[in-house]
Amino acid sequence: MGILRDRYRNPEDIKELTMDELYQLSDEIRAFLIESVSKTGGHLAPNLGVVELTVALFNVFDLEKDRIIYDVGHQSYVHKMLTHRLDEFAKLRKYKGLSGFPKRDESRYDAFDTGHSSTSISAGLGYARARDIAGDDYNVISVIGDGALTGGMAFEALNDLGFSKTRMVIVLNDNQMSISRNVGGISTYLSQLRGDNYYEKVKKDIQDTIDRMPMGRTLNTGMMRLKNSVKTMLVPGMLFEDMGLKYLGPVDGHNIKDMSKVLKVARDFNGPVIVHVRTQKGRGYVASEKRPDQFHGIAPFNKQNGEVVSKVKVTYSKVFGEAVTELGRKNGKVCAITAAMPDGTGLSAFKKEFPSRFFDVGIAEQHAATLAAGLAVAGMKPYIGIYSTFLQRAYDQVIHDICIQNLPVVIGIDRAGIVGDDGETHQGILDLSFLSAVPNLTIMAPKSLEELHNMVMWSETFNGPLAIRYPRGGDPAGFEPEALAMFTPGKFEVISEGIDGYIYATGKMVQRAEAVVKGLEGRGLRFGIVNACFIKPVDVEMIRKHSEENKAIVTLEDNMVHGGLGSQVLEAANDMGLPAKVIRFGFRDTFVVQGDPESLYRHYGLDTDSVVRKIAERLCEGDCDE
Ligand SMILES: Cc1ncc(C[n+]2csc(CCOP(=O)(O)OP(=O)(O)O)c2C)c(N)n1
Ligand SMILES: CC(=O)[C@@H](O)[C@H](O)COP(=O)(O)O
Ligand SMILES: [Mg+2]
């Protein structure tokens with residue numbers, strides 16, 4: 001008889017289980033995760049790593065009142081399984097299905113919505129302070145990974161917490177991995193703390209040092225230095241202790257008994273505690289233990305061999321990474337920056353060829369942008385590869401450090417538009433809106449893989465801040481480099497001529513425009529297509545011409561209508577005093593939910609049929625052919 005399916009009902013049931021049964025439950029959870037995620041896709045490796053940790057948290061804390069906040073939240077599957085959502089895993093990350101991240105709307109056991117990194121300590125501290133003000137009595141636990149700890153926000157919160165001494169528990173889940181191998185000084189520090197023979201090694205180092213010490217004055221200063229370094233070395237977690245937190249650990253994150261003991265001490269401590277837990281990312285499944293990076297977030301895969309069947313031959317990310325690498329070969333000033341996403345952004349290709357000109361800064365988007373500005377000021381040509389949603393973190397740095405100084409930094413905005421399964425927190429639907437307001441910045445979007453390649457190649461000589469936005473995924477047909485094109489800022493490309501109007505589409509929406517034009521033909525409307533390859537500046541001359549010719553202008557974008565291409569076109573027409581008939585399609589004042597892109601386009605009225613119908617309604621007012 002299984003525990004997970006047959007005996008377990010409520011979080012409190014865990015406390016009735018023996019230690020052996022807790023391990024049995026963990027094995028069942030792991031088997032379920034592998035089976036289920038192999039069918040749906042999802043963040044498998046992070047969850048396989050926290051099975052025992054989550055069971056131990058449930059064993060020690062009272063889920064009915066205590067609040068657990070998972071940083072990023074991609075490792076919250078086990079928590080979801082243990083809080084009444086086991087049967088919903090068949091629709092994990094699907095349209096109208098179970099979210100891949102904690103969601104307060106989804107369950108009362110989810111304490112805080114997450115998705116972006118390094119927020120858990122701030123949110124936890126908010127909870128803890130509210131609790132203390134209200135005189136309530138519950139525990140607050142923030143579970144943060146070593147990768148998430150590279151984010152500046154986590155340190156801002158630690159700084160505040162250590163000073164205020166507010167009672168809360170931080171569980172540092174250290175698996176030495178971000179999505180790729182973790183980077184940075186803190187990561188090195190943690191790996192020193194986690195070393196199995198740490199204490200033995202330290203003792204031996206000290207003895208060796210003393211044996212080698214000279215006499216006299218040198219001895220005194222040497223002794224002083226040694227005394228300080230010994231203190232630092234012998235009290236693990238000194239960094240955290242010095243900041244005002246109690247450090248407990250490191251503890252084996254797959255040993256439920258040990259973890260339960262340490263978590264109880266942390267729970268009963270009257271102040272901030274950090275529990276340093278060592279785990280193995282991807283544990284318990286051969287393929288994910290071997291390649292935890294590939295199994296961080298994985299598409300559906302074959303459970304027998306761990307292989308993913310993908311239809312997409314070449315992705316936009318790959319084209320971006322390879323084009324920047326191509327530039328790196330001919331120009332020694334070209335350098336590349338990622339905030340913990342070398343593979344996702346395609347920049348690992350550049351890293352492989354030019355390690356000294358490649359910088360993975362950890363989950364530190366703000367630093368990435370200002371680092372690029374610094375490099376540019378000193379004569380380099382930096383390329384940042386960053387997801388649209390994470391660029392939100394670096395808005396001020398783009399304005400203050402890159403654009404005010406008008407620096408030649410190229411920002412490759414990956415995952416622009418709908419990303420799909422990750423939902424609200426990850427959709428790239430705001431970048432055009434927040435960037436189009438920034439002076440000096442030029443914004444482009446390619447309609448195809450080939451055009452992305454051309455834009456990146458062209459960007460080398462562009463002397464100012466430039467953002468190129470492109471979507472998740474790619475093209476099943478692959479990619480054939482074509483003759484390099486020149487671009488003129490503020491000049492759109494007319495793909496086909498229209499009689500009744502034009503669809504100004506940007507990025508991958510150009511493909512949708514082709515289908516829309518066919519649909520409109522069926523209704524007796526003859527539209528042309530314009531590739532709005534620049535979103536800033538827009539092509540004012542074309543807008544003037546089409547307006548004066550009394551053509552309808554339909555804008556189509558995978559961004560918010562507010563502040564996006566549609567707004568730019570409408571405002572340009574208005575500023576020129578033109579009577580343009582502009583119909584705008586995009587997302588309207590809403591956060592876009594999770595799901596496959598086609599379901600989402602339908603949901604938000606951006607599927608071909610809806611767009612055709614609405615244009616026809618607006619233009620024909622009932623007199624169309626149909
Ligand atoms: C602001 C931000 N930047 C980047 C990401 C992408 N991202 C998601 S998880 C992750 C790695 C997190 O590593 P860690 O916290 O150690 O968790 P692990 O997966 O190792 O358990 C990254 C870079 C993000 N979610 N948020
Ligand atoms: C949790 C998180 O932020 C990332 O793991 C993200 O899900 C990656 O998205 P891609 O799969 O598009 O690289
Ligand atoms: Mg990690």
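The views below are taken from a predicted model.

View 1. Because 20 or more other C-beta atoms within 10 Å make a residue buried, Asp146, with 26 of them, is buried. Leaving aside residues up to four places away in sequence, Asp146 touches Leu172, Asp174, Asn175, Gln176, Asn182, Ser187 and Leu190.

**View 2. The surroundings of Asn175.** Asparagine 175 belongs to the loop between strand E3 (168–174) and helix H8 (185–194), and with 24 C-beta neighbours inside 10 Å it counts as buried. Its contacts, again without residues up to four places away in sequence, are Gly49, Asp146, Thr279, Gln280 and Lys281.

View 3. The strands follow the order E14-E16-E15-E18-E19, with mixed pairing; strand E14 (493–496) and strand E19 (581–587) form the edges, each pairing on one side only. From one strand to the next, the twist averages 25°. Strands of a sheet pair through backbone hydrogen bonds, either parallel or antiparallel. Strand E15 (residues 501–505) and strand E16 (residues 527–531) run parallel and are joined by five bridges, and within this pair isoleucine 503 has isoleucine 529 of E16 as its bridge partner. Helix H23 (residues 565–575) packs on the sheet, where it touches E15, strand E18 (552–560) and E19, and its direction makes about 145° with that of E18.

**View 4. Helix H2 and the helices that its buried residues pack against.** Helix H2 (residues 19–40) has 22 residues and reaches 31 Å from its first C-alpha to its last, close to the 32 Å expected at 1.5 Å a residue. An α-helix has 3.6 residues a turn, so residues three or four places apart point the same way. The buried residues of H2 include Leu22, Leu25, Ser26, Ile29, Leu33, Ile34 and Val37. The helices against which the buried residues of H2 pack are H1 (3–7), H3 (44–49), H4 (51–60), H5 (77–85) and H12 (256–268). After H2 comes glycine 41, whose phi is positive, near 80°.

Terms used
Residues numbered from 1 in each chain as written. Chains lettered and ligands numbered in written order. Predicted model: local features only at pLDDT ≥ 70, side-chain atom pairs only at ≥ 80, totals over all residues. Buried ≥ 20, exposed ≤ 12 C-beta atoms within 10 Å, placed from the backbone. Contact = placed C-beta atoms within 7 Å. Helix = DSSP H or I, 4+ residues; strand = E, 2+ residues; numbered from the N terminus. Pairing = 2+ DSSP bridges. Axes fitted to C-alpha atoms, helices over the stretch in contact; angles between N-to-C directions. Expected span 1.5 Å × (residues − 1).
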